[in-house]
Structure formats: C-alpha cells, structure tokens
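Work through the exercises below with the model open. Try each task before reading its solution.

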Amino acid sequence: MSVIGKGIPRLESRDKVTGFATYTNDTQSPGMLHGWLVTSAYSHALILSIDITDAIAVSGVHAVVRGEDSPVLTGTLLADRPPLAWKKVRYYGEPIAVVVAETEQIAKRAAACIRVKYEQLPVVHSPSVALQQNASLIHEDLGNYQKFGDVYPVPGTNIGNLVKIRKGDMASGWAASETTVEGTYAFNSSDHCAMEPRCAIVEAKPSGLINIQTSTQDPFMIKRAFERFFQVEQSKVIVHVPFVGGGFGGKGSIQLEYMAYLASKACGGRPVKINNSRETDMVSSPCHIGLEAKVKLGATRGGRLTAAEITFLFDTGGYTDEGATVTVAGAIDCTGPYRVENVWCDSLCVYTNHPYATAFRGFGHTEALYCMERTMDMLAKKLGMDPLDLRFRNAIQPGDTTPTQTPLTRSSVGDLPVCINKLRTLIEWDQGQWTKVDRDKVRVKGMACVWKASGSGIDTGSGATITFNHDGSANLSVGSIEIGQGNRTVMAQILAEELDMDVKDVHVKMDIDTQITPEHWKTVSSSSTMMVGRAVQDAAEDVISQLKANASIVLQVLPQDLAVGRGMIYVKDDPIISLKVSEVVSGYEYPNGSASGKPVIGRGRYRVHDITRLDPETGKGIPSQQWTVGAQAVEVEFDTRECTYRVLRAASVFDAGKVLNEATARGQVVGGMNMGLSFATREGFLFNQAGQVLNPQLRSYKLTRFGDHPEYLVEFVETPFTEGPFGARGVGEHGTIGMAPALANALSLAAGIELNVLPLTPEVIWQSMGRSQ
C-alpha cells in the first residue's frame, strides 16, 4: 500500500499550531447576545422562588430564562433532566437560570443579583447510600419518565437503569471453583478537562429555522433531540461544528444547546452564546462517572477461571443522561477479555446528588475493568501464579463467547495472546516484577489486559461524499467530528489509497454543516474510523465507476476494461491509451466544443449490521461487531517510607486490525495512557458533607502536566477485522482503560497491601498501609 500505514502528518496541524484554527467561541457577530448560567449552591433542595427583579433592571440585560419557563424533560434513554432545573435541584452547580445580556460581563454581573430561596433536602452522597431503604428519593416521578430505548429504571428507588448479565450456571461455576477471591472498589466522579470548555451559539429565527454552532461530538443527534423535545422539524435545525478542542466523551451530551435555544427564543430570535467558564464546565456540565463495585472470582488451582459474580453501582449523579448507557457498556464486557463460562452481573445506574455523568474515554470499560483486573491480580497472588501467565491462560480467543453470549471469531476479537507476549518483551517482564533499589525504594511492574466493544446503535451508519476540482484533486466530506484524533487525515489516506492518488490531492472538509454534510451516527465509541472509513471506501467505488463510465465513451472501450490511478484513467491492457482524471470529472469536452459524460459526484454509505438488543433478564445479545483487545503495563519506583512514587515506564500493545496511520495511532494510544495515568494518580472530585465540589478549578483539580509523563512504549498487533477499512478496528479509547489497574497492581505489590480506591495518591497509600498494620 502506498498511503495506508504511513505516518502522514495531520492535515489540520499547521492551522492549530499557528492559531488559525477556529473553534465555537471564536465566532462573533454584531447581533450576538451572551448568556451566563446561574447555578445552584446546594446539591439537593427544593426551589421555593427565584427573584429576578434586580437582574432584569441591570442595563444591557435582555432576558432571564428560568426552568419554569420551559418545563420540558430531556435525556438520552430516559427523559429525567430539565434544561434548567425547576421545582428542585439535584446536584451542586446545576443550572437554574440563564441571564442574557449584551456582553458576558453584564450577564455575569446581573446573575449575581438573582435571589433564590431553597428548602434543603437530605443529600445522597454515594451509590451505596442511595440504595439504602431510608435514602432520600432523588426522582420521585421515576416511574413516569418517558423512555427512548432499552432502559429499565426501578420506580420508588434511586436506580435509573438496571442491567442484568446471566451466562451459564453459577452453581456449577462455584462448584468447580477450587479457590475464590473477592474485592470491593470505589472512586468518585471526575472531569474530562478538555482543553476547550463547552460552548454553544443558537439563533432561533422567527421563520422557525434554528441555527446552532456548538462544540459537540453529536451534531446529528442534536437535530433529533430538538425534534423530540421541542417539536421542531429536523429539517429546520441546522448544526454547525468547527474544530472541537477535545471531547473524550464529555461533548457527547446535549446541554448548553438547549439553554441557548431557550435564551434565543426569549430574546426574539437573536443569537445567544453560552460559553462555559472552566468552573461551570467542570461541575455544571456532565462529568466522568463514579463507581462502587464488588467482584468475586472462582478458579481452579491451575488458574482456570470458572465463575465471576460482579456488581457495579455506577454513580450517575443527579440525572441518567449517558450514564444509563455507560451502565450497559460496563456490563456487556464485565469479565474483561477472559474466557468465563459462568457469569452473573448486576450493573446499576444509581442516582446521587453529584454532578450528572456522561460518557468518558473507555465508556464504562475504564471503570469496570479496573475492578476486574485488580481482582485478577489478587487471584494470581492467592494461586501463587505470575499475573501475566494467569491472564495468558484465560485469554479470550476465537470460538469463545462474551458475557452476553456473543460468539467470537478471529476477525471480531483479534489475538490477545500475541498482545500479552509482545507486552512481556516490551516491558521486560521476565527480568522481574519486583526489584529493590535501595533501603526505602523498590521498582515494581504491574499489568492489565483490556478489551472494549466498539458498539453503536442498532440502526446507525455513516455517509461520505466526494466531488472533484478541475485539476483532478478530490474534495471529501464526512460527518465525523475532528476532535483532535486525526480522523480527517485517516479519511484522506483511505480515499487516496482507494483512488491511487497523492494524499496531498485530497481536500477534506474540516467543519460540519448538517444541511450538506453526510450524516454520521456519533463521533464516539472508537468507531468513526471503521464506520466512516467504510463509507469513504464505498464513495470511492462510486467515483471510480463514474470515472470509468465517462472515460469509456471517449476511449471507445468497455468500463470494465479501464483502471484508475495516479491521476489517470487508462486501458488495463494498454496503459498508454488513457485520459487524465481532470479531463473527465465534469464530463469530457471534445475539441469541437461538444461534450459527453456527467459530473462525477461520489456517494458512499455504511450501515452497521448484525447487532441485536440485549435480553433484559439475561443480557443475551450481540452488542457489537468487533472488540479491540490489548495488554498494558507500568513500571513504578515506590518509596516505602514516604509512600511517594514515580511512574518510570508505561507500555501498551493493542490489536488494531490494521494500523492506518502509524503516527496518529501511536499518538492516540499515548494520549490515552497519559489520561489513564492522570485519572489513576490524582483525579477525582472532592465533596463535602453538603455534596458541594471542593475542587472545581484546575488550580485545585490536579491533572498531569507536561513533564510528568513517563517513557511510553507502544506496539501493535494486526489481525484484520474483515468488516473494517483495510482491516482496521478502533483504538481511540483503549490506551486509557488499563492504566489505572496496571498502576494499582504495581503499587499494591510495592506497598504490600491491596489498593482498591482511586486516585492512588501518596496520602491514600499511606492511610491504607496504616489501616493494614
């Protein structure tokens, strides 16, 4: 292949590094108004009154929009969330009003004039507390909410969704178990911390047309949501998306768009921009889900897994949003990439008075597999086995089935044993998992295996269109979002490879305009390269067919006797007989002025198939076409006296099916590893007894900074996924998933105790060591 696999620089990189790239907040217009959110100071309270008198009196204020002005309920699977809270607030920082003014500064000043009276309610601090019999109900009307898919709330409780996985016979599984281990795990919700805070601009024109410019991963879902919740025809909703400054799942939810729409309507249709401050982006907009969990594993003395009993209590916060779907995702792959014939899993989406949750890189797998991989290490210790060998022995393979009883093939699951063996060499595992450095310091290695289904909705797909310029270069338009992952560059490579042309002659439309851009489901789930790539291939076939048809008329040969490549259309058996692509892309013009042929416009489409719904009682079903498997490890230097540590090396090996761009694939994995280590070592919201977030700023919410990172080692295995473009499968999220358990496994070995709570700060380790003595 001439282009596929090569490390082609990202097409948009020069614009980004020079500051010419345009993001939503860069958009300004003379008539634009600005909104500022008024948010709740309480995490659970009744709203008795909102006095806006003084705010409206501020010069330059055009409107104050409250929840009671539009008491609609929205949601992904379950409609439980108002755009602005009314009657009740359910988490600290929840928006209750929007002040709209000539400038953001005026709106902010007026917002401070609003007086709200509350009646505080008991605060639900965690999923386990939420499930207690005397827990305060966060949603009293849970049984009356509208559903939009497979979601199973339990009325009269704080359970927003209940997912069951039942595979095999648990009694037989436990009977065959010669040893068992059990662990409990917990971590708080946290933030995505994308470089660009969320921003939305909405203009609700009097004609009924709604123009939306927004920082989102789901422009086409916004159209559907506006039709569903505001009874606006999709044809009248136009969504524009420029570059997005990172998403990590957090921009896969619809929030500011609703509020800006209501604000624009209240101001006669003038465009209204709502741009989150960093603080509101962290606590008022959706966050990374938290979890409490219990995992029990059974195995033979030889290390063969026989049974897995798992309970996940996902902390979805005040509303379900994507948390209901994350709960499903964690359940369907709950055992990790291992052969387990007997599985029992209850995965609960539990309401608390924390900020509400949405997707986060790994989508339920980062959270669920942390628990499973910690338990696998505990099992290895109990059996006296090398933890890498234990995983190799139980590695999922073709012919096995997933927890949802999906049969796996070499194409759909790849080759985990090869990944494990490559990791063994890459991290130098056989040189020893534990080494003493000096009196107080040791070096330790920990590892984890990961997998993730790149699932999607059952009736979803992607489109692509191709047009040509008069010089023969191609214009490509696709509906996936460029969020920094290099999606546009890979699409250009796919088209260049299919048309056998220089990638520099492929011009990809960077922004999205839902009026003209081919639809794509969502830019989530590590599925865009597969889905959109297949649509690009389909469009390329259409283009080739049209080029041959035009050229065949001129060359007086059959279309099937022609080939396309290197800017030419030529006779296969006599390449000298040819035409330039540029000569026929608009139809061929003869010297006498007559013409033949038609303008070449390629159309491509890919539709997901062979996915089924899950049985609500057993979880049986096919949630995905393919899984990406891999193995990850870290090497840590730990100070046994100070309980401090440094991550020296982090390694990953993934079966990518086919690496389409070596540089961007490696960058995706390294970025994910860095994000996973940040989550594992320092990230998480701190709550007080009132449920307020104590670290809603980057000065107090600590992320890994430049210079904090270890040496990153990345390799790939290539077992083609036959459905993917050139055999590729998704790798976008996977680097994140195994970092937390690999680190926890290493530090547990170093500290001599089981560390099951994140983040793994020195203080947490010190406290845990003290409790164990």
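Predicted model: local features only at pLDDT ≥ 70, side-chain atom pairs only at ≥ 80, totals over all residues.

Residues are numbered from 1 along each chain as its sequence is written, and side-chain values use heavy atoms, with hydrogens and water left out.

**Exercise 1. Describe how helix H17 packs on helix H19.**

Step 1. Locate the helices: H17 spans residues 662-681 and H19 spans 739-751. Helices (H or I, at least four residues) and strands (E, at least two) are DSSP runs, numbered from the N terminus.

Step 2. Take the axes. They come within 8 Å and cross at roughly 55 degrees. H17 is therefore oblique to H19. Axes are lines fitted to C-alpha atoms, for helices over the stretch in contact, with angles from 0 to 180 degrees between N-to-C directions. Angles under 35 degrees count as roughly parallel, over 145 as roughly antiparallel, 65 to 115 as roughly perpendicular, and the rest as oblique.

Step 3. List the contacts (heavy atoms within 4.5 Å). From H17 come Met-673, Gly-676, Leu-677, Phe-679, Ala-680 and Thr-681; from H19, Met-739, Ala-740 and Leu-743. These residues divide into seven nonpolar, two polar and no charged. Here Ala, Val, Leu, Ile, Met, Phe, Trp, Tyr, Cys and Pro count as nonpolar, Asp, Glu, Lys and Arg as charged, and the others, Gly among them, as polar.

**Exercise 2. Is Lys-445 buried or exposed?**

Step 1. Apply the cut-offs: buried means under 20% relative accessible area, exposed over 50%, partly exposed in between (1.4 Å probe, protein chains only). Lys-445 has 5% relative accessibility, so Lys-445 counts as buried.

Step 2. Look at the surroundings. Leaving out residues up to four places away in sequence, Lys-445 touches, among others, Glu-428, Trp-429, Glu-635, Arg-649, Ala-746 and Leu-749.

Step 3. Contrast Arg-109, which sits in H3. Its relative accessible area is 48%, so Arg-109 is partly exposed.

**Exercise 3. Where do the backbone exceptions fall?**

Step 1. Most residues other than glycine have a negative phi, and most peptide bonds are trans.

Step 2. Take the peptide bond. Leu-758 and Pro-759 are joined in cis, with omega about -5 degrees. Pro-759 lies in the loop between H19 and H20 (762-772).

Step 3. Take positive phi. Gln-405 has phi near 70 degrees and is in the loop between H11 (387-394) and H12 (410-413). Ser-526 has phi near 50 degrees and lies in the loop between S23 and H15.

Step 4. Gln-405 is partly exposed at 28% relative accessible area, whereas Ser-526 is buried at 14%.
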